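Please keep the viewer open as you read.

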Amino acid sequence: VKAAGAKKPATKLMTKEDMFFGDVAWAIYIWYMRIGKFAWVAGIVTIFTLYRVSTVLVDMWLAVWAGRKDAFGRTYTDNDYLMFFGIFVAISIVLVFIRSIIYARFMLNVASNSHHALVQRVIRAPTSFFDTTPMGRIMNRFTKDMDVLDNKLPEVVQMVLNLAFIIFGTLFLVAFARSEER
């Protein structure tokens, strides 16, 4: 029996969208690496390391050549200096090409896997999800959010990796230059 004047509780037609601000949780980074496969992540770190080592070798060889110092217990001619410099530069070029291919394949893998996961979750969502979620919000996940994941995030990740390896390479070169002074 209802009391006179009692109102029926209001039901929400739309759910409120959760928005997150601030730092990205570490769980998101782990998810990103997991969805891209950890083997690819290990390959990317390896190839970034090899590339930075090759560029550091180029810089170190130029320092040795400019100082006309004996390196590795041997005296070199101008042709030797030029030959080794060319070899180190060629290795760097090949490694940057391989690095680009591996990184692009990783990003394609992440994009494909994340899109597949999103589609599977939407397809398996209960009917109540579609009743309470505006179609615009669902479309936004497939357009803007996937665009950020597919286009903007890879640029940022590559920039961070490049800067980190440049910093480590520079620190190594400074340590090498300091040891050569002594």
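This is a predicted model: local features need pLDDT of at least 70, side-chain atom pairs count only at pLDDT 80 or more; totals for chains, interfaces and linings use all residues.

A residue is called buried when its relative accessible area is under 20%, exposed when over 50%, and partly exposed in between, using a 1.4 Å probe and protein chains only.

A word on the ground rules first. Residues are numbered from 1 along each chain as its sequence is written, and side-chain values use heavy atoms, with hydrogens and water left out.

The protein chain has an average pLDDT of 83, and 84% of its residues score at least 70. Confidence is highest in helix α3, at a mean of 91, and lowest in helix α1 (residues 26-35), at 82. Helices here are DSSP runs of H or I with at least four residues, numbered from the N terminus.

**Aromatic pairs**

Rings of Phe, Tyr and Trp (its six-membered ring) pair if their centres lie within 6.5 Å; planes under 30 degrees apart are stacked, over 60 edge-to-face, and the rest tilted. The count comes to 13 aromatic pairs. Two of them are listed here:

| Pair | Centre to centre | Angle between planes | Kind |
|---|---|---|---|
| W65 and Y81 | 5.8 Å | 5° | stacked |
| Y76 and F84 | 5.9 Å | 85° | edge-to-face |

Because W65 lies in helix α2 (residues 38-67) and Y81 in helix α3 (residues 78-123), their pair ties together parts that are 16 residues apart in sequence. Y81 is buried, at 2% relative accessibility, whereas F84 is partly exposed, at 24%. Ring pairs join W61, W65, Y76, Y81, F84, F85 and F88 into a cluster.

**Charges**

A charge sits over a ring if NZ of Lys or CZ of Arg is within 6 Å of the ring centre and within 35 degrees of the ring normal. The charged end of R99 does this with the ring of F48, 4.7 Å from its centre, and also with the ring of Y51, 4.7 Å from its centre.

How many salt bridges does a search of the whole structure find? There is 1, where a salt bridge means a side-chain nitrogen of Lys or Arg within 4 Å of a carboxyl oxygen of Asp or Glu. K152 and D147 meet in a salt bridge, at 3.5 Å from N to O. K152 is partly exposed, with a relative accessible area of 46%, and D147 is partly exposed too, at 30%.

Conventions. Helices (H or I, at least four residues) and strands (E, at least two) are DSSP runs, numbered from the N terminus. pLDDT is the predictor's confidence in each residue, from 0 to 100.
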